[in-house]
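Q: Could you walk me through how to read a protein model, one feature at a time? I would like the general idea and then the case at hand.

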Amino acid sequence: QVQLVESGGGLVQAGDSLRLSCAASGRAFSSYTMGWFRQAPEKEREFVAAISWSDWSGGGTSYADSVKGRFTISRDNAKNTVYLQMDSLKPEDTAIYYCAATYRSTAQAMGPLGAGYWGQGTQVTVSS
C-alpha cells in the first residue's frame, strides 16, 4: 500500500511554469507506476501524465494530448517522489491535480484504467 501527498499548487498567470510534487510513503515505490490526473470544476477527472515503474520499462512515460510538449513527468526513486513540471500554462489547465499510483502497471495503461491509489489533490489556478 502507498500513501500520496501532493504539493506545489498555486495561482499563476498564463505562460508561467509550476512544478508539482507528490511524496509517497510505503514500500517499494520503484514498483509503482505513478501518474497525475486533474479535475476542473463541473468536469470529469482526466488523465494528465504517467511514468512507468522503473524496474520494468526504464520509466516510460505517457501524456494526454492536451499537455504534450508542455508538461513533463519525472520520478526520483531515492526520494520516493514524482514530479510534474508544467510549462506554458493556460487558463484551461486550471484544476485540482491528483497524484496517482498503480502497482506494476504501464504508463500507457494508467490513462484508460485509472489508478489504485490517490492523493488528496492540490489546486492549480491559471489566470489569463
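Q: Which residue is the bridge partner of Phe-71 in strand 8?
A: Happy to start there, and bear in mind that this is a predicted model. Phe-71 has Met-86 as its bridge partner in strand 8.

Q: How many residues lie between strand 7 and strand 8 in the hairpin?
A: There are four residues between the two strands of this hairpin. Look at Asn-80 in the turn, where phi is positive, at about 50 degrees.

Q: In what order do the strands form the open sheet?
A: The order is 1-3-8-7, four strands with antiparallel pairing. Strand 1 (2–7) and strand 7 (71–76) are the edges; each has a single partner strand, so one side of each lacks a neighbour in the sheet. From one strand to the next, the twist averages 20 degrees.

Q: How should I think about side chains along such a strand, and is strand 8 mostly covered or mostly open?
A: As a general idea, side chains in a regular strand alternate between the two faces of the sheet. Here strand 8 is mostly covered, with five of its six residues buried.

Q: How many disulfides does a search of the whole structure find?
A: The search finds one disulfide. Cys-22 and Cys-99 form it, with their sulfur atoms 2.1 Å apart. The angle about the S-S bond is -85 degrees, and the link is left-handed. It connects distant parts of the chain, as Cys-22 belongs to strand 3 and Cys-99 to strand 9 (residues 95–103), 77 residues apart.

Q: Are Cys-22 and Cys-99 buried or exposed?
A: Cys-22 is buried, with a relative accessible area of 0%. Cys-99 counts as buried too, at 0% relative accessibility.

Q: How many aromatic pairs are there, and how do I describe one?
A: In general, a pair of aromatic rings is described by the distance of the centres and the angle of the planes. The count here comes to four aromatic pairs. For Tyr-32 and Tyr-117, the ring centres are 6.0 Å apart and the planes stand at 75 degrees, so the pair is edge-to-face. Tyr-32 sits in strand 4 (residues 32–39) and Tyr-117 in strand 10 (residues 117–118), 85 residues apart. Tyr-32 is buried, with a relative accessible area of 5%, whereas Tyr-117 is partly exposed at 27%.

Q: Why is the pair of Phe-37 and Trp-118 edge-to-face?
A: Their planes meet at 65 degrees, with the centres 4.9 Å apart, so the pair is edge-to-face; planes over 60 degrees apart count that way. Phe-37 lies in strand 4 and Trp-118 in strand 10, so the pair ties together parts 81 residues apart in sequence. Phe-37 is buried at 5% relative accessible area, while Trp-118 is partly exposed at 32%.

Q: Which residues do ring pairs link into a cluster?
A: They link Tyr-32, Tyr-103 and Tyr-117.

Q: Where does the charged end of Arg-45 sit?
A: You will find it over the ring of Tyr-98, 3.9 Å from the ring's centre. Arg-75 lies over the face of Phe-29, at 4.7 Å from the ring centre.

Terms used: Residues numbered from 1 in each chain as written. Predicted model: local features only at pLDDT ≥ 70, side-chain atom pairs only at ≥ 80, totals over all residues. Heavy atoms only, no water. Pairing = 2+ DSSP bridges. Axes fitted to C-alpha atoms, helices over the stretch in contact; angles between N-to-C directions. Phe/Tyr/Trp six-rings, centres within 6.5 Å; stacked < 30°, edge-to-face > 60°. Buried < 20%, exposed > 50% of the residue type's maximum accessible area, 1.4 Å probe, protein only. Lys NZ or Arg CZ within 6 Å of the ring centre and 35° of its normal. Disulfide = S-S within 2.5 Å.
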